[in-house]
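Here is my note on the model, point by point. Please read it with the structure open.

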Amino acid sequence: MKLSITIQTPEVEPVVPVALISGSFEEKLDKAATWGADGVELMTVKPRVLDWEQVASCLTQHRLQVAAIASGAMLFASGITLLHRDPEIMALAKSRLYDLIEFASVLGAPVVTIGSFRGRLANVAGDGQIILLQILQEAAERAEQLGVRLAIEAINRFETDFIHTAQQGLSFIHEVNRPSVGLLLDTFHMNIEESSWSLPFQMAARVGKLFHVHFGDNNRLPPGKGMINFAAIVEILKSLDYQGFLSAELLSIPDPDTAARQTLETMHSLLRA
Ligand code: LER
Ligand code: MN
């Protein structure tokens with residue numbers, strides 16, 4: 001299991017509340033590496049405006065992997081979602097999804113996350129699940145050509161109107177029926193929607209679909225600042241031989257650096273135990 005911290009890329013305009021670490025992009029990487037992260041999850045909205053070679057060389061210089069290319073800022077920073085009432089925005093979202101896949105491929109990131117970026121069923125006329133399924137089946141073809149996977153995130157009911165639980169995510173993923181499409185579980189959302197800590201991880205791992213894990217405490221603070229038992233979660237993931245990233249996606253409280261440092265300290269000691 002590897003540890004990652006979510007950071008935003010330089011073109012993302014507002015400060016994303018769940019992206020950590022302050023400073024320039026290089027400074028963020030420097031701090032993440034110094035504090036012991038194995039990788040970073042990059043939250044981006046317009047990957048095309050970035051210099052991909054330069055990003056890759058900064059990462060190599062700091063010996064950091066890319067845990068994921070995250071789409072979480074698409075809705076937050078730009079209001080762009082795959083299901084949207086405006087067909088032009090839907091088309092833009094689709095083309096951004098292909099950009100994220102290519103960016104992930106160039107940086108060697110194993111997954112592209114699809115959480116709030118999928119939008120809401122209420123946004124579209126007709127069956128939004130079928131519309132999304134078709135978008136993802138097409139995108140999966142590109143992802144498979146480039147060796148990238150798509151991780152659908154189960155998100156709590158207050159942030160979206162479908163796929164709240166692992167079970168719902170796995171049923172949808174079963175319908176999509178593509179090897180490159182799997183599940184992302186986030187402890188913050190699980191704490192609201194699930195009835196067990198172990199079953200969701202087990203169900204996903206059993207069918208080879210546990211692609212990625214986000215973590216944050218129940219109050220979205222660093223582990224240990226709320227009520228979730230992260231030692232138990234680490235044990236569950238170890239028992240499943242989860243080899244992917246545990247990626248911190250939590251609030252910058254008291255500040256983006258302290259939250260990242262505390263998170264890495266706590267999680268390192270749990271992983272070593
Ligand atoms: C949002 O709450 C979240 O967990 C992100 O990963 C969403 O896209
Ligand atoms: Mn998440």
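1. Arginine 178 forms a salt bridge with glutamate 144 (side-chain nitrogen of Lys or Arg within 4 Å of a carboxyl oxygen of Asp or Glu). The closest N and O atoms are 2.7 Å apart. Arginine 178 sits in the loop between helix H6 (166-176) and strand S6 (181-186), glutamate 144 in helix H5, 34 residues apart. Helices (H or I, at least four residues) and strands (E, at least two) are DSSP runs, numbered from the N terminus.

2. This is a predicted model: local features need pLDDT of at least 70, side-chain atom pairs pLDDT 80 or more, while totals for chains, interfaces and linings use all residues. Residues are numbered from 1 along each chain as written, chains are lettered from A and ligands numbered from 1 in written order, and side-chain values use heavy atoms, without hydrogens and water.

3. Arginine 178 counts as partly exposed, at 21% relative accessibility. Glutamate 144, at 29%, is also partly exposed. The cut-offs are: buried under 20% relative accessible area, exposed over 50%, partly exposed in between (1.4 Å probe, protein chains only).

4. Arginine 220 forms a salt bridge with glutamate 249, with 3.1 Å between the closest N and O atoms. Both residues are buried.

5. Glutamate 249 also coordinates the manganese ion (ligand 2), together with Glu153, Asp186 and His214, at 2.1 to 2.3 Å. Donors are N, O and S atoms within 2.8 Å of the metal (3.2 Å for Na, K and Ca); water is not among the atoms, so sites may look incomplete.

6. Arginine 142 pairs with glutamate 102 in a salt bridge, at 3.9 Å. Arg48, Asp99, Glu102 and Arg142 are linked in a network of such bridges. The whole structure has 9 salt bridges.
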